[in-house]
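Here are a few exercises to work through with the model open in your viewer. Try each task before reading its solution.

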Amino acid sequence: MNLRVMEKEDLSLFAEWVNKPEVFGEYNPLRQMSRTETEKMLENPLELKPFIIEKKDGSKIGFIAHFYVLHISGRQPEIGYSLVPNERGKGYCTEAVNIMVDYLFLSKDTMRVQATTDTRNLASQKVLEKAGFKKEGTIRKLFFIRGELRDAYLYSILREEWKEPKILTRTT
Ligand SMILES: CC(C)(COP(=O)(O)OP(=O)(O)OC[C@H]1O[C@@H](n2cnc3c(N)ncnc32)[C@H](O)[C@@H]1OP(=O)(O)O)[C@@H](O)C(=O)NCCC(=O)NCCS
């Protein structure tokens, strides 16, 4: 599996994924994006940075993004991800999260990387826990999903819990 920065030529596929509820998933806010909107997203001021998740054969199976949540104490890096349905349950997302955490701790002067997930999203919680994230608590009514406000869990991994790169410096 490989992660690479999303390029303009990936945007049609990205828009297709985001626009299809079966890919973006049942626990993400429903949204429809035009190709033009996805182009703006790549240049956006919130610094959302999406990466394509590719299999070794080059097929594109999903994405993982990092972005910043503003807080008076500073900017908190947060991550989000989605995979196409027929490639789920094979460990790809956990590997992508491990790579992203390595990348963020190696490249940014941050103490923590966080993620939020609908309290019903057991697959996403499993991914985060397998990647060493800890559940910090519940953010009440954070997401408006399918017509109702939903509670989310806030997860994080601290630099001292990460300790050293799991993947990026592996040479074998
Ligand atoms: C969340 C998502 C990205 C996980 O991707 P993935 O590649 O399947 O994740 P992994 O294979 O690395 O790990 C998934 C784990 O969750 C487990 N799992 C999957 N569905 C589950 C469920 N309904 N209940 C409990 N565990 C579940 C799997 O068994 C696996 O654990 P295991 O390795 O111990 O068997 C994928 O399900 C997805 O794209 N969902 C829709 C979009 C979404 O919800 N994104 C996250 C928003 S916060």
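**Exercise 1. Find polar contacts between the protein and the ligand in this predicted model, starting from the backbone of glycine 91.**

Solution. Begin at glycine 91, where a polar backbone atom is 2.8 Å from an oxygen atom of the ligand. Next, move to cysteine 93: one of its polar backbone atoms lies 3.1 Å from a ligand oxygen. Then look at arginine 88, which places a polar side-chain atom 3.2 Å from an oxygen atom of the ligand. Finally, consider cover: the ligand taken alone exposes 960 Å², and the protein buries 71% of that.

**Exercise 2. Describe where the ligand sits and which elements supply its shell.**

Solution. Start with the site, which is the largest pocket. Now list the elements that give two or more residues to the shell: H2 (21-24), S4 (74-83), H4 (92-107), S5 (112-118) and H5 (122-130). Of the contributors, helix H5 gives the most, with six residues. Then take the shell as a whole: 23 residues surround the ligand, and Leu83, Gly89, Thr94, Lys126 and Lys130 are the closest. Sorted by class, the shell has nine nonpolar, 10 polar and four charged residues.

**Exercise 3. Classify the ring pair of phenylalanine 51 and tyrosine 103.**

Solution. A search of the whole structure finds five aromatic pairs. For phenylalanine 51 and tyrosine 103, the ring centres are 5.9 Å apart and the planes meet at 65°, so this pair is edge-to-face. Now place the partners: phenylalanine 51 is in strand S2 (residues 49-54) and tyrosine 103 is in helix H4, so the pair ties together parts 52 residues apart in sequence.

Note on methods
Residues are numbered from 1 along each chain as its sequence is written. This is a predicted model: local features need pLDDT of at least 70, side-chain atom pairs count only at pLDDT 80 or more; totals for chains, interfaces and linings use all residues. Side-chain values use heavy atoms; hydrogens and water are left out. A residue is near a molecule or strand if one of its heavy atoms lies within 4 Å of it. A polar contact is a pair of N or O atoms within 3.5 Å; within protein, one must be able to donate a hydrogen and the other to accept it, and residues adjacent in sequence count only if both atoms are side-chain atoms. Accessible areas come from the Shrake-Rupley method with a 1.4 Å probe; for residues, only the protein chains shown count as cover. On a 1 Å grid over the protein atoms alone, a cavity is a set of points where a 1.4 Å probe fits but cannot get out, and a pocket is an open set with protein on both sides within 12 Å along at least five of seven lines; lining residues have an atom within 4 Å of a point. A molecule sits in a cavity or pocket if more than half of its atoms lie within 2 Å of its grid points. Helices (H or I, at least four residues) and strands (E, at least two) are DSSP runs, numbered from the N terminus. Ala, Val, Leu, Ile, Met, Phe, Trp, Tyr, Cys and Pro count as nonpolar, Asp, Glu, Lys and Arg as charged, and the others, Gly among them, as polar. Rings of Phe, Tyr and Trp (its six-membered ring) pair if their centres lie within 6.5 Å; planes under 30 degrees apart count as stacked, over 60 as edge-to-face and the rest as tilted.
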